[in-house]
Every structure is written in structure tokens, then in C-alpha cells.
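Please look through the sequence and the model shown below. The paragraphs after it go from one contact to the wider arrangement of the chain.

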Amino acid sequence: MESMKTIVEQIDFRQMNMDIITRAGEILRAGGLVAFPTETVYGLGADALNEQAAKKIYAAKGRPSDNPLIVHIADMEAIGRIAEAVPEKARAAAEAFWPGPLTMIFQKTGEVPMGTTGGLNTVAVRMPDHNAARALIRAGGGYIAAPSANTSGRPSPTTAQHVEEDLNGKIDMILDGGAVEIGVESTILDMTAKPPMILRPGAVTREMLEELIGEVAVDKTVIDAGSHAAPKAPGMKYRHYAPKAELTVVEGSISRTVDEIIRLTGEKIAEGFKVGIIATEETVGRYSMGEVKCIGARGEEETIASRLYGILREFDGIGIDYIYSEAFGREGIGSAVMNRLLKAAGQRIIDAGGK
Ligand code: TXA
Ligand code: MG
């Protein structure tokens, strides 16, 4: 792909610079690519109803063309043009969680090109909880396809600098709105399934959804790491969220976990490798070898979620060969964190015992 100059603009959602948003919207309307912050991760936007524009996303990311894109909208009224039918439960979920970190899948209308949905007859829709993102969506025509703004196979970007690392010279513009709030991608809920099914866990949890709309199933590839079934979200089959280093998760009682990570780290360092450790506030003082990163306090799953991808990228940046991470709690957004961590680990998990 030929290289272009990528413009980077700072935006502040409290006093939004409409000049910049308008210019970015014009780029999108003309079929260009603009990366922008959302509350979950940075997205790489293109006009979702323009097949050629959507296709540019695949080229810039190096993304397999069968992996469908999420269409982002800014207003509930926009949904009728792209979704064939919006069931009552979906309306209730939209009312409760939009704008927010929830993506819902519907039968698509003829307006949505197959190039946007990876050849599927369904379309994934989300309304992000970020003022600049919604202003940009409106300025860009109302329907913006946006996968995470990383090179395919790398951890999703949680800052504009991460986007630059991966996509500088390949896209028209990056809107820099600072670090994102949540740090892991949205929950994906398939509303064409009965009962509705979670294809990817996120900040909107199964419990939150069930309280509102009754029974919700979870794709078994999300729960059962060893499952050989194909995930229902095409993107979940790829070993993505992946750092360059070989990552292993260690679970068990806190003291056994720490002992096992110290032992494994010692072994790899003795063999001449660079080792990174993902520790917690409670344990960080116990490690004296390797590159040690504290991801937050145990039990503070939201902090852990917001730091995970950034830490994996930092380890990539300093050429770490092996990463050992403690396992974290699965409360709330913790189930999404463990889902991404285990994916990044290629499901490599060691039980240190004691639990
Ligand atoms: O939080 C998010 O959802 C972020 C921000 C930018 O909004 N976006 C995001 O997009 O994570 P992406 O492309 O990285 O992940 C989209 C996932 C993929 O696993 C894809 O396979 C799945 O959604 N998906 C999209 N459309 C689908 C459909 N019609 N049926 C099943 N899965 C679908
Ligand atoms: Mg992604």
C-alpha cells in the first residue's frame, strides 16, 4: 500500500473542536479513514455504506476480509436504515445501555454492503458513549464502520499513540482524545439468536443483560477455552489481542501463583531470555527479577481492564520474549479481561494449586 501523510489532531470532549470534527467528517464522506477514540478502545472509521471505503479498512489493518465490521451510529433513529428488524428485547437493551459498550447483531437491510459485513446477512451495530465519537459519526454521514484501530493481530489501541504505532502512513487522520475509559472492546450480543447470545464478553455483563431481558446464552467458545467449535463472531477465531512474546497465565492461590511465576521467570532468564511479569498491587513487591508491571489492585477489575492492552504493548516495545501474568478475578468486567488475556495467551494457563 502506498504511504500517505497521517494527520494527528488533539480533541477534547469537554470543549469539542467542531472544525476538526467537520474536517474529519469530510474525510469519511469522501471515502477516507479516520481513527477516533471511543469509551472502549480506539476505532478505525470509514463510511459503512460505502463498500470501497469499508474495504480500505481491511487493507490498512491487514484484516482477513471475512471478519465483519461493527457499524457505529449516533442516534437511535439511525438503526432502521441498516437493521431489518429490531426486536423488543433489543430496544430495551439499547435504551438501557446505549450509548455504551454494547454491540448488537441484527438481520441487515440491503443498504449495508457485503464488504462491511464480511459477506454475512447480519450487521453488528453499536452507539459509543463518547461525545467526540458521536459527533464524528454524525459529521461522517451517520454510519461509521469501525474495528479496533490496530494492525490485525496486535493488542487493541487504548491511546492515540498506539494507533500511530500501527497505522501511521496508512490512514488519513487520527483524532487524539487521550486514553480511553474502559480499555477492552464492547460486549457483542447476537439478537438474531434465541435466546440472545453473547459472542464476546465486555463491560456490559451477562448478569446486567439478564436482569433486563431474561435469559441470555454465551457462545461456548467464550467459556470453554478447549472448545473446537467455531466461534460465532468470526473475529474471535483469530489469535488476536496477541503480544509478540509468548504469554502464559498462572492461576491458583496468591502465594503459589507468585512462587510459580518466580520459578518460571528464573528458568527463562537463566536461558538468556527477557521476561515480563504482570503483577498486582498485592504481589508486585515479591518479584525481584524480570520486567515487572503492576496492573492494579486485585478486585479492581476496571483498572485491570484499562491497563491490560497498554502493558502488552509496552512489553512488545522492549523486546520481551516471555510474559507471565497472574490470573485475575472474573467479577463484572473481569470475565472480559480473562477472555482477552487467555486469547492473548493462546489459552496457555498453568494451575499453581492451593485453591
Ligand atoms: O468496542 C468495540 O466494539 C470496538 C470499538 C472501536 O467500537 N470495536 C471493535 O471492533 O472491537 P472489532 O472489529 O475489532 O471487533 C468486532 C467483532 C469481531 O470479532 C467480528 O467478527 C464481530 O465483532 N462481528 C462483527 N459483525 C458481526 C456479525 N454480523 N456477526 C457476528 N460477529 C460479528
Ligand atoms: Mg479488533
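This is a predicted model: local features need pLDDT of at least 70, side-chain atom pairs count only at pLDDT 80 or more; totals for chains, interfaces and linings use all residues.

The domain assignment gives domain 1, covering residues 7–222, and domain 2, covering residues 246–353.

Which helix gives the most residues to the side of domain 1 that touches domain 2? Helix α6, residues 160–167, does so, with three residues. Sorted by class, that side of domain 1 has eight nonpolar, eight polar and six charged residues.

The interface can also be described by contacts and by area. In terms of contacts, 22 residues of domain 1 touch 14 residues of domain 2. The area buried between domain 1 and domain 2 is about 1300 Å², and 54% of it lies on carbon and sulfur atoms. Three residues, Pro155, Val184 and Pro201, supply 37% of the area that domain 1 buries against domain 2, more than any other three residues. The centres of the two domains, taken over C-alpha atoms, are 29 Å apart.

By the rule used here, the count comes to 18. One of the pairs is Glu165 with Arg313, whose side chains meet at 2.9 Å, N to O. This pair links distant parts of the chain, since Glu165 is in helix α6 and Arg313 is in helix α10 (residues 301–317), 148 residues apart.

Next comes the sheet. Strands of a sheet pair through backbone hydrogen bonds, either parallel or antiparallel. Here 11 strands make an open sheet with mixed pairing, in the order β1-β8-β2-β3-β7-β4-β6-β5-β9-β10-β11. Its edge strands are β1 (7–10) and β11 (217–218), and each of them pairs on one side only.

Some details of the backbone remain. Which residues does a cis peptide bond join in the model? One such bond joins Trp98 and Pro99, with omega about -5 degrees. Pro99 is in the loop between α3 (88–97) and β5 (102–107). Another cis peptide bond runs from Lys194 to Pro195, with omega near -10 degrees. Pro195 has its place in the loop between β9 (187–190) and β10 (197–200). A further detail concerns Gln347, a residue other than glycine with a positive phi, near 70 degrees. Gln347 lies in the loop between α11 (334–344) and β16 (349–351).

Technical notes: Residues are numbered from 1 along each chain as its sequence is written. Chains are lettered from A and ligands numbered from 1 in the order in which they are written. Side-chain values use heavy atoms; hydrogens and water are left out. Domain bounds come from an automatic or database domain assignment. Contact means heavy atoms within 4.5 Å. Buried area is the accessible area (1.4 Å probe) that two parts lose on being put together, summed over both. Helices (H or I, at least four residues) and strands (E, at least two) are DSSP runs, numbered from the N terminus. Ala, Val, Leu, Ile, Met, Phe, Trp, Tyr, Cys and Pro count as nonpolar, Asp, Glu, Lys and Arg as charged, and the others, Gly among them, as polar. Two strands pair if DSSP finds at least two bridges between them. A salt bridge is a side-chain nitrogen of Lys or Arg within 4 Å of a carboxyl oxygen of Asp or Glu.
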